[in-house]
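Here is a short report on helix packing, strand pairing and charged pairs. Look over the sequence and the structure first.

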Amino acid sequence: MFEFDLVLQLLQQMCVYLVIAYLLSKTPIVIPVMQVTVHLPHKLICYLIFSSFCIMGSYFGLHIEDTIANTRAIGAILGGLLGGPMVGLLVGITGGIHRYTLGGITAESCMLSTILTGLLSGLWHYFLMKKGRVDLIYNPLLVGILGLFTESLEMIMVLLISRPFDVVLHAVRSIAAPMIVANSIGAAMFMRILLDRRAIFERYTSAFSAKALKIAVSTEGLLRQGFNQKNSTKVAEIIYQELNVGAVAITDREKILAFIGIGDDHHLPGTPITSNCTLEVIEQNEVKYLDGVHQPYQCSINKNCRLGSTLVIPLRGENNTVVGAIKLYEAKNTLFSSINRTLGEGIASLLSAQILAGQNEHYKQLLSKTEIKLLHAQVNPHFLFNALNTLLAVIRRDKAQASQLVQYLSTFFRKNLKRTDEIVTLKDEIEHINAYLQIEKMRFMDQLAIEFDIPQELENAHLPAFTLQPIVENAIKHGTSQLIGIGRVTIKAYVQDQTLILEVIDNAGNYRENKKDMKGLGLNLVDKRINIRYGEKYGIKILCEPDDYTKVMLSLPLEEETSIQC
């Protein structure tokens with residue numbers, strides 16, 4: 001009867017520890033011990049937690065015949081299992097020394113057995129890790145069996161080491177069964193708590209990841225197309241459906257771009273921001289959470305609005321500048337779930353990245369347009385001056401040829417005016433540079449020969465407008481025009497590994513690499529435009545054999561279905 005009462009008392013003590021363990025499992029500090037501990041900081045946390053349980057087990061133990069019935073072994077077992085041999089040994093030493101300081105006829109043997117328990121549990125951890133059976137470390141049944149074994153071993157050690165034997169034997173008969181039962185069940189239940197907490201954490205993480213992935217996939221690219229009311233409304237609808245919150249709003253720095261959910265009758269897109277909370281988030285670049293209890297929330301538009309709490313997160317663009325905000329709302333008497341709060345901040349980062357990418361794309365387009373205008377400014381005045389001088393000379397000697405020259409001029413400048421930054425066909429680009437070359441040919445008379453090698457099947461291939469003209473002009477201006485004899489310019493097109501290759505070859509071989517400006521202004525602009533549009537693997541490559549030839553090779557992806565606007 002006495003042993004049964006002692007079992008109940010130890011189980012009661014164990015229940016206190018399990019309540020502490022349960023409460024501890026709700027805090028971030030226990031997260032490292034939910035996985036097999038390998039990093040030094042995590043091992044330290046593991047040591048501190050289970051050393052504390054060892055000490056508590058001894059300190060609150062029941063004094064029976066100059067010995068202590070306790071649940072100290074729970075800490076040593078779990079410390080070794082979750083932290084490995086070193087942590088188990090240190091936990092055992094800490095718990096063992098503390099038990100020794102409490103005195104009694106079994107103090108020495110209990111100290112040694114606690115050290116041995118921690119070490120054996122750590123070795124069991126090491127063995128399972130070697131075998132790749134991490135799952136067995138968290139098996140409550142095996143933990144209980146390990147508790148049964150180590151506590152039985154402790155009783156044997158007490159009998160072998162402690163004296164006087166008859167007194168020790170009587171004490172062991174009293175405490176052996178209660179301690180074996182309490183420590184075995186306690187260790188198994190402690191592990192069960194950790195296992196359940198880990199399962200909850202994994203489900204939470206899985207749910208978080210699934211939602212985040214679905215939202216990321218569904219909203220991909222929407223705000224890259226422009227941070228405006230139309231695209232923001234699409235994004236808000238997706239987030240509202242996936243998070244199941246009361247409402248979702250997206251704003252820029254001045255007005256509401258989108259609002260979906262409770263309160264959409266008075267939170268109208270296009271109207272100015274009136275919420276002080278939102279304005280503060282935009283100005284201060286920080287997250288604000290108004291739960292409606294500790295931080296009061298009241299709709300700034302309608303006092304009867306059913307929204308009772310809000311999470312406001314800044315949306316950031318270039319240089320981390322706030323460009324707007326995303327707001328998640330819940331109705332009154334509805335609490336924000338932690339997953340929605342965490343997801344909200346993750347979604348804001350995702351949308352901010354899209355906005356930044358859209359801004360970069362916009363800047364690239366502006367750069368491309370600016371560079372095309374620069375090409376126009378570079379080509380037109382210089383070329384027009386030379387063409388008019390040529391026309392004046394031709395009119396005097398051959399009116400028919402002068403008329404043809406006017407036609408070529410008309411073709412050249414008409415295409416200049418009609419084409420801006422659009423994609424054109426290779427055929428159209430060849431017509432443009434042919435008009436240019438024919439004018440130059442009249443200028444240089446018989447000193448310029450032109451050859452085209454363009455397969456008919458490639459005429460519909462696409463490329464950015466004004467791609468070839470600067471290269472051809474460069475070949476004449478810095479190449480053939482410097483020759484005493486006949487200058488030749490050849491333009492070729494062919495396909496190599498699904499890449500369109502265009503070559504402009506002159507027979508001057510005058511190209512000299514300039515480290516400050518490798519290709520000259522015109523060629524640099526063409527190369528940069530192609531890099532921006534298609535990527536770094538495409539662009540211009542120059543080969544030169546001095547006084548023999550200069551070959552400018554232009555690589556582009558082979559495209560034949562892009563919409564053409566000329």
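## Helix packing

The crossing of α13 and α14 is right-handed. On the α13 side, the contact is made by E429, H432, I433, Y436, L437, E440 and F444. On the α14 side, Q469, V472, E473 and I476 take part. The model is a predicted one.

Helix α13 covers residues 426-444 and helix α14 covers residues 469-477. They pack at an angle of about 20 degrees, and their axes are 10 Å apart. Angles under 35 degrees count as roughly parallel, so α13 and α14 are roughly parallel to each other.

## A β hairpin

Strands β13 (residues 539-545) and β14 (residues 549-557) run antiparallel. Seven bridges join them. L543 has K551 in β14 as its bridge partner.

The two strands, β13 and β14, form a hairpin. Three residues lie between them. In the turn, D547 has a positive phi of about 65 degrees.

Side chains of opposite charge can pair when their charged atoms come close. The count here comes to seven salt bridges.

One of them links R72 and E154. Their closest N and O atoms are 2.9 Å apart. R72 lies in the loop between β2 (67-69) and α3 (73-83), and E154 lies in helix α7 (residues 140-161), so the pair ties together parts that are 82 residues apart in sequence. Are these two residues buried or exposed? Buried means under 20% relative accessible area. R72 has 1% relative accessibility, so R72 counts as buried. E154 has a relative accessible area of 3%, so E154 is buried too.

R253 forms a salt bridge with E283. Here the closest N and O atoms are 3.3 Å apart. R253 sits in the loop between β3 (247-252) and β4 (256-261), while E283 sits in helix α10 (residues 276-284), so this pair ties together parts that are 30 residues apart in sequence. Exposed means over 50% relative accessible area, and partly exposed lies between the buried and exposed cut-offs. R253, at 37% relative accessibility, therefore counts as partly exposed. E283, at 60%, counts as exposed.

E280 forms a salt bridge with K288. The closest N and O atoms of E280 and K288 are 3.6 Å apart. With a relative accessible area of 34%, E280 is partly exposed.

Conventions: Residues are numbered from 1 along each chain as its sequence is written. This is a predicted model: local features need pLDDT of at least 70, side-chain atom pairs count only at pLDDT 80 or more; totals for chains, interfaces and linings use all residues. Side-chain values use heavy atoms; hydrogens and water are left out. A salt bridge is a side-chain nitrogen of Lys or Arg within 4 Å of a carboxyl oxygen of Asp or Glu. Helices (H or I, at least four residues) and strands (E, at least two) are DSSP runs, numbered from the N terminus. Buried means under 20% relative accessible area, exposed over 50%, partly exposed in between (1.4 Å probe, protein chains only). Two strands pair if DSSP finds at least two bridges between them. Axes are lines fitted to C-alpha atoms, for helices over the stretch in contact, and angles run from 0 to 180 degrees between N-to-C directions. Angles under 35 degrees count as roughly parallel, over 145 as roughly antiparallel, 65 to 115 as roughly perpendicular and the rest as oblique. A crossing is left-handed if the near helix is turned anticlockwise from the far one by less than a right angle, and right-handed if clockwise. Contact means heavy atoms within 4.5 Å.
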